[in-house]
Amino acid sequence: MRLATWSHEGVVRSGVVTDVGLHALPDGRTVLDLVHAGLPAALEAGASALSTAPVPLSEVRLLPPIAPPTIRDFVAFEEHVEGVLRAVTAEAAVPPEWYQAPTFYFTNPYAVVGAFDDVAVPPGSERFDFELEVACVVGKDGRSLTPEQARGHVFGYTVLNDWSARDLQSREMRVQLGPVKGKDSATTLGPWLVTADEVEQHRDAHGFLDLAMSVTLNDTLVGHDLLANMGWPFEELLAYASRGTEIRAGDVIGSGTCGNGGCLAELWGLRGTDDPPPLRPGDVVEMTVEGIGSIRNRVVAGPTCPDVRPARPRPRTRRETP
């Protein structure tokens, strides 16, 4: 089942996507409400929505399918790490620490944008980039889960574009912290949330979802990969995220960027030149994941902000200890 959130004639609704349009939930619940109810109850509620009159997809603005309380974004594709490190940190090889355990950072849940919304260049950035990913939505609370337990905590999947200001990110990571503002401006989720049962048929013999992924820039293919090329399946990412702490229903877990051109920085690192160049206003980025759907965002000019003031040098005087 495909679950969406949309705005139509000034009213925000949630419901089910079919080939004939969008069917609103009759009781006004949100997709996050359905996630909290659990997958069986959500499927039942979605079935009841099919009796409502459909609204054509062309008449609505698709919003992010869910308002996540948290977003953890992993870096689970080895090929992506190999390329992007050369562009961002000048390292030439995947560090051995990457292989030892999954790594993630928390990104900004307030910066989530819809599947076809415009995306602004972050203030001060000259090296704006996209990142092609798949996101898993947690279906129920859990703590210190095993991977086997974690599979039962997956509610569904959506496409994720982790927009990145590479110049800001590079500065931050030289301070051994981040990414922070380099990843703070926008995260696209959409076009809808596909329940886990819909993609189970694509699971391979090793437990990975064998879904084709692709990204175009101004309608020219830039990158493509398979979700099955992740270093860990989503169940292991969820288990690691819950290790010694909690994951909760509605949390979003990003796969990290795929390889083979999943972002510009990977290509910059591998080619040694800015080819293709950083994103500029007017560029259009479209991402498609087999079994889930497509998102398409246009880059626009961002706000103008005052320059960031540098730190003052550390004072060299101290008071004497009494």
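**Contacts, cores, salt bridges and pockets**

I start with Ser-7, which touches Val-12, Val-60, Arg-61 and Leu-63, leaving out residues up to four places away in sequence; contact here means heavy atoms within 4.5 Å. Before going on, the conventions: this is a predicted model, where local features need pLDDT of at least 70, side-chain atom pairs count only at pLDDT 80 or more, and totals for chains, interfaces and linings use all residues. Residues are numbered from 1 along each chain as its sequence is written, and side-chain values use heavy atoms, with hydrogens and water left out.

Ser-7 sits in strand β1, residues 2-8. Helices (H or I, at least four residues) and strands (E, at least two) are DSSP runs, numbered from the N terminus. Between Ser-7 and Arg-61 there are 54 residues of separation in sequence, but 5.2 Å in space, C-alpha to C-alpha. His-8 is also found in strand β1. Leaving aside neighbours within four places in sequence, His-8 is in contact with Val-55, Glu-59 and Val-60. Is His-8 buried or exposed? His-8 is buried, at a relative accessible area of 18%; buried means under 20%, exposed over 50%, and partly exposed in between, with a 1.4 Å probe and protein chains only.

Next, the cores. A nonpolar core is a set of buried Ala, Val, Leu, Ile, Met, Phe, Trp, Tyr and Cys residues joined through side-chain atoms within 4.5 Å. The largest has 69 residues, and the members that touch the most others are Phe-130, Tyr-157, Trp-163, Leu-227 and Leu-279. Helix α8, residues 234-241, supplies the largest share of this core, 5 residues. Another core lies apart from it, with 21 residues, including Leu-3, Val-112, Leu-160 and Ala-249.

Now charge. Side chains of opposite charge can pair when their charged atoms come close. The structure holds 19 salt bridges, each defined as a side-chain nitrogen of Lys or Arg within 4 Å of a carboxyl oxygen of Asp or Glu.

In one, Arg-72 meets Asp-251 at 3.3 Å, N to O. Arg-72 is in strand β5 and Asp-251 is in the loop between β17 (246-247) and β18 (252-254), so this pair links distant parts of the chain, 179 residues apart. Arg-72 counts as buried at 5% relative accessibility, and Asp-251 is buried at 4%.

In another, Glu-131 pairs with Arg-166 at 3.0 Å, N to O. Here too the pair links distant parts of the chain: Glu-131 lies in the loop between β9 (128-129) and β10 (132-138), Arg-166 in helix α6, 35 residues apart. Glu-131 is buried, with a relative accessible area of 3%, and Arg-166 is buried, with a value of 3%. Both belong to a network of salt bridges that links Asp-129, Glu-131, Asp-162, Arg-166 and Lys-183.

The remaining example is Asp-275 with Arg-271, at 3.6 Å, N to O. Asp-275 counts as partly exposed at 38% relative accessibility, and Arg-271 is partly exposed at 47%.

On a 1 Å grid over the protein atoms alone, a cavity is a set of points where a 1.4 Å probe fits but cannot get out, and a pocket is an open set with protein on both sides within 12 Å along at least five of seven lines; lining residues have an atom within 4 Å of a point. Grid points are joined across faces, edges and corners, and a volume is the space filled by probe spheres set on the points.

The largest pocket holds about 700 Å³. It has 29 lining residues, and those closest to its centre are Val-75, Leu-85, Thr-103, Gln-169 and Met-173. Which element gives the most to this lining? That is α3, with 5 residues. The lining divides into 13 nonpolar, 8 polar and 8 charged residues, where Ala, Val, Leu, Ile, Met, Phe, Trp, Tyr, Cys and Pro count as nonpolar, Asp, Glu, Lys and Arg as charged, and the others, Gly among them, as polar.

The second largest pocket holds about 430 Å³. Its lining divides into 6 nonpolar, 2 polar and 6 charged residues.

A search of the whole structure finds 1 cavity of 30 Å³ or more. The largest cavity holds about 50 Å³, and its lining includes Tyr-157, Arg-203, Leu-227 and Glu-235.
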